[in-house]
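Please view the sequence and the structure before reading on.

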Amino acid sequence: MLLLKKRQPSSTLAVVEHSPGSSSSDTANEIADLQEASASAKEPIRVLRSRQKGLSPVENHKECEALDGDAKTRRRSSAGIDRKKPGKRTDEKKVILNTRNPAIIWLANNELHASLLLLAVVYGSNWAGYEWPQLWIQMQHKALTANPYNVRYVRGIHDIKFVAFWIVQIIAARALCLRYVMPAIGSLLSLKGSRETRRFSEMAWMLLYITASWTIGFRVWQNSPYYMTTATLFANYPDDHVLMPYGLKWYYLVQSAFWVSNVYTIHVEERRKDYYEMMTHHVVTISLVLSSYYFHFTRFGHAFMLVMDLPDIFLSSAKMIRYLGREVLPNILFGMFAVSWVVTKHYLCLKMMYSTWKQGFDIVPPERRYPHYPNSYMSVPVASFFWILLCMLQIVLIYWFVLIVKIIQRMFVKGECADDNRSDDEDESSSVSPEAMADQKTFTAENSVSSRSSSTTLAARSPSTS
């Protein structure tokens, strides 16, 4: 009877005793000695090693298994094989959101599909002949005038539907640009890195919208009786202010939708270092726009929005080009931004504050003020309300202006490039520790603007990051 001897598994690398200070040459010598001894004794290397060291079979097996792992690691490393698991991305970035609301997290993950679905329902129903979509798509409350070609509008309850519909359209357009259009443009411009692509896309979207809206608003302003003067902002109030041209009302309502949508986007974007300042700015701006619309101070609100939006065109352009790796042109645009900031957000804004209190009461006679005249809200309480909001806005703007001055100081003193870090990611600041980042509850999301280049993890805001 032939007795078949079971072949013992052997591994020339598994029997080498590994020490932290041993070199590759020592390891090779040990392997050669063990192979030679195994061949002369006609015994497997594992058995020979166990007898030489006086180890039990169990101890020898455990030690050899541990050495096997180290041996495989050395072989793969020497062969240049990457030990990372397939599909495991090391450049995955955790995005810390400004909310822990699961509904907002879900909406952040599905904003493009959800908004496009709502738009498809409304436009599809309108195409099918239903009447209810007209209340959402078209502006309502057309006023009856003697001249049919001189169309005028008044404010009404259906304006809320028009604003809500435009909020959905703006969110859909933003999501589409940030997911597909802007990342594709960034890749054509050789933009690398998930963060650079994401921030470039955000700035490009902001530049696209603000440039378009400011151009339309400026065109409406050119055709208005209050062009380039603050004295006519309150002329013939409230009779000429209740009736609004089509362009003015459309611009007002769309801008209102944009500022309201910013409250949403600030919570689905990565948390910024100036989150509370930005949130205060948005809330005050929305309050000014909506209250001026309700109190029939639409001329004042129109001029206010034009003044506030102009510097953002230069800032978005500078930051967008800066993410492309340029240095000279962003510095020039940042200088233009700083100059326009002082002129518009401080000088002109303070001039409008003076006009609200001084010229408003000088131009509007007492008999046309509240409560003696219909549709008139010119009064001390209303003017004080506007003043409080404008003062709150100036505090935020002054805080940002101090940061802008520091950036300019670094440019001239240290020779650094213009880099506006007022709204940089908070995880780049030392205020957030790795332990606090690890404690976040993570949510895998698809709304990264760089979804084609890297995966992004959205995390809810934790109290430890405040």
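## Two helices side by side

An axis here is a line fitted to the C-alpha atoms of a helix over the stretch in contact, and the angle between two axes runs from 0 to 180 degrees, taken between N-to-C directions. The model described here is predicted. Helix α11 (residues 298-322) packs with helix α13 (residues 380-413) at an angle of about 0 degrees, and their axes are 15 Å apart. Angles under 35 degrees count as roughly parallel, so α11 is roughly parallel to α13.

Which residues make this contact? On the α11 side they are Phe300, Phe304 and Met308, and these meet Phe386, Leu390, Leu393 and Leu397 of α13. The contact has seven nonpolar residues, no polar ones and no charged ones.

Helix α6 (residues 159-188) and helix α7 (residues 194-222) have axes 9 Å apart and pack at an angle of about 125 degrees. The two helices are therefore oblique to each other. The crossing of α6 past α7 is right-handed.

Residues of α6 in this contact include Ile170, Ala173, Arg174 and Cys177, while those of α7 include Phe200, Glu202, Trp205 and Tyr209. By class, the contact of α6 with α7 contains twelve nonpolar, three polar and two charged residues.

## Salt bridges between separate parts

Side chains of opposite charge can pair when their charged atoms come close. How many salt bridges does the structure hold? There are six. One of them joins the side chains of Arg368 and Asp239, at 3.0 Å from N to O. Arg368 lies in the loop between α12 (328-363) and α13, and Asp239 lies in helix α8 (residues 239-242), so this pair ties together parts 129 residues apart in sequence. Asp239 is partly exposed, at 33% relative accessibility.

Another salt bridge links Asp312 and Lys345, whose closest N and O atoms are 3.8 Å apart. Because Asp312 is in helix α11 and Lys345 is in helix α12, the pair ties together parts 33 residues apart in sequence. Is Asp312 buried or exposed? Its relative accessibility is 18%, so Asp312 counts as buried. Lys345 is also buried, with a relative accessible area of 3%.

Lys358 and Asp362 form a salt bridge in which the closest N and O atoms are 2.5 Å apart. Both residues lie in helix α12, four residues apart, which is about one turn of the helix. Lys358 has a relative accessible area of 38% and is partly exposed, whereas Asp362, at 52% relative accessibility, counts as exposed.

Key:
Residues are numbered from 1 along each chain as its sequence is written. This is a predicted model: local features need pLDDT of at least 70, side-chain atom pairs count only at pLDDT 80 or more; totals for chains, interfaces and linings use all residues. Side-chain values use heavy atoms; hydrogens and water are left out. Angles under 35 degrees count as roughly parallel, over 145 as roughly antiparallel, 65 to 115 as roughly perpendicular and the rest as oblique. A crossing is left-handed if the near helix is turned anticlockwise from the far one by less than a right angle, and right-handed if clockwise. Contact means heavy atoms within 4.5 Å. Ala, Val, Leu, Ile, Met, Phe, Trp, Tyr, Cys and Pro count as nonpolar, Asp, Glu, Lys and Arg as charged, and the others, Gly among them, as polar. A salt bridge is a side-chain nitrogen of Lys or Arg within 4 Å of a carboxyl oxygen of Asp or Glu. Buried means under 20% relative accessible area, exposed over 50%, partly exposed in between (1.4 Å probe, protein chains only).
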